[in-house]
Amino acid sequence: MRKVEMIEKLKNDPNDRAFVMIALFIAGFLLIFLLNNVTTHFELGTWLYRETRIFPTFPPAGNDFRVGYYRPAFYLIDTRFSAIGPNGTYPSNYPPLVALSSLPYALFDMTTAYAIHVVLLIAANLACLIMALIFVKKIIFLKTGLEEFSVNIISFILFFLVASYIFSSYFFFYSIERGNTDIFALFYCFCSFWVLIKNPNKIWLQVILLSVAVHFKIYPIILFALLFFKHGKKLILPTVIVNVIFLFCLGPNMAWAFLKSMSSGGEGVGIGNAWSNVANHASYSFSIGIDSSSGEYLSNTFFLIWAISFLVPLLIWGITTIAVILSKYDVTKAILIFMSSIPLMGLLPTVSMDYKLVINGAAIILLTGLITKLFITKFAWFDVIQVLLLIGVFLMMSRSYAFIPNTMVFIQNKYIWLLFLEIFMALNIFRYLKRFSANKSESIEIG
């Protein structure tokens, strides 16, 4: 009888539902921390305390920063802006704008520049999480039936849990050790999205900010679908002009050299690149890892697996995005497209090393906020079950491959967990569209 009364209370009281959901997330993220950061230090059988290397390191720290940012800036100055490598070479997989934007680092020695870079990476991670928090608090949590104080507390708890999850994860340490800048690309995506919501008519500024993100990492290009959702054909001219300027910012020779590096194998990022391994969760690398039919990467079996692993997340995202676009634009729907686009950014490129997983922190805040709202507004056992399953996904996403047997490549590689994250996002987006069909005002105050 007591159990029935508790369930009835949950069905009738949104505050109780909010408490249950937050309690589930607290318990889940605490369990993740203990399993990934505490128990992994103990060796089963001997029960010795050990420090296991959880990702490949290249001393000194900051290899990606030194090779891809500091040295190109140094060579730009040394060659009077004619090359970013020795003897006129283009030893980078990054667009020319990256080398140009790295020039301030050349004011310092390499070690000092890397230290500054680490501070900026941490700040960018925090900024993305904070902006996601604001979107959850100001937009997703509208019309939940809760008092503002309760909304503030729930929002802060979600932020604290996800921030702790990200900053204690192996992929965050991996990103800092490499000095990788995927989080910078996401930061510019967020800035563009912020302008879209706060000043929707400033098309050029939105395009410039998103194009900076694209010319840092290419994959944010899928977010132009979101801007097109809002602006339609008016988006085409500024997009073409801005991106042509960025591509040729260091002249046609370097633009062409970059395009060749993008399509080449070996040290490039094209087919046959040298970066495919268990720490690369791109569909391309995942397919290579599970293709045991022959000793060659480019077998027919590989191309079939790659086609499937490439198209499945793309179709999930495409169907979800089309479903949102078919209804009238509003800022919440824009957030849903933005959220579901982030996991796709890691699945489609040929190279997505696990340090790129840091960009999903903001998406996780948006997803947990969306699930919390759905549960607060209507009791459903589905939400309880999916949170338990999601905690498992988050656990495996942040668990280093070093703690998973090599024979279990399906779960060792983060592709499958990122795909599950995309699926959960799609499910909850469709649930939101079904439950909240009324459109909200576009002029929502977010700051």
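Reader: How far apart are the mean positions of the positive and negative charges of the protein chain?

Author: The mean positions of the 32 positive and 22 negative charges are 7 Å apart. Please bear in mind that this is a predicted model.

Reader: What secondary structure does the protein chain hold?

Author: The protein chain contains 19 helices and zero strands.

Reader: Which residues of helix α10 are buried?

Author: A general point comes before the case. An α-helix has 3.6 residues a turn, so residues three or four places apart point the same way. Helix α10 covers residues 224–231, and its buried residues are Phe224, Leu226, Leu227, Phe229 and His231.

Reader: What covers the buried residues of α10?

Author: The cover includes α8 (182–198), α9 (203–217), α11 (236–247), α14 (300–325) and α15 (331–347). After α10 comes glycine 232, which has a positive phi, near 65 degrees.

Reader: How many salt bridges does the structure hold?

Author: Side chains of opposite charge can pair when their charged atoms come close. The structure holds three salt bridges. One of them joins glutamate 177 to arginine 178, with the closest N and O atoms 2.5 Å apart. Both glutamate 177 and arginine 178 are buried.

Reader: Are aspartate 330 and lysine 333, which form another salt bridge, buried or exposed?

Author: Their closest N and O atoms are 3.6 Å apart. Aspartate 330 counts as buried because its relative accessibility is 0%. Lysine 333 counts as buried because its relative accessibility is 2%.

Reader: Which parts of the chain does the salt bridge between aspartate 383 and arginine 431 link?

Author: The side chains of aspartate 383 and arginine 431 meet at 2.6 Å, N to O. This pair links distant parts of the chain, with aspartate 383 in helix α17 (residues 381–397) and arginine 431 in helix α19 (residues 415–435), 48 residues apart. Aspartate 383 counts as buried, at 0% relative accessibility. Arginine 431 has a relative accessible area of 18%; buried means under 20%, so arginine 431 is buried as well.

Terms used: Residues are numbered from 1 along each chain as its sequence is written. This is a predicted model: local features need pLDDT of at least 70, side-chain atom pairs count only at pLDDT 80 or more; totals for chains, interfaces and linings use all residues. Side-chain values use heavy atoms; hydrogens and water are left out. Helices (H or I, at least four residues) and strands (E, at least two) are DSSP runs, numbered from the N terminus. Lys and Arg count as positive and Asp and Glu as negative; His and the chain ends are not counted. The place of a charge is taken as NZ of Lys, CZ of Arg, CG of Asp or CD of Glu. Buried means under 20% relative accessible area, exposed over 50%, partly exposed in between (1.4 Å probe, protein chains only). Contact means heavy atoms within 4.5 Å. A salt bridge is a side-chain nitrogen of Lys or Arg within 4 Å of a carboxyl oxygen of Asp or Glu.
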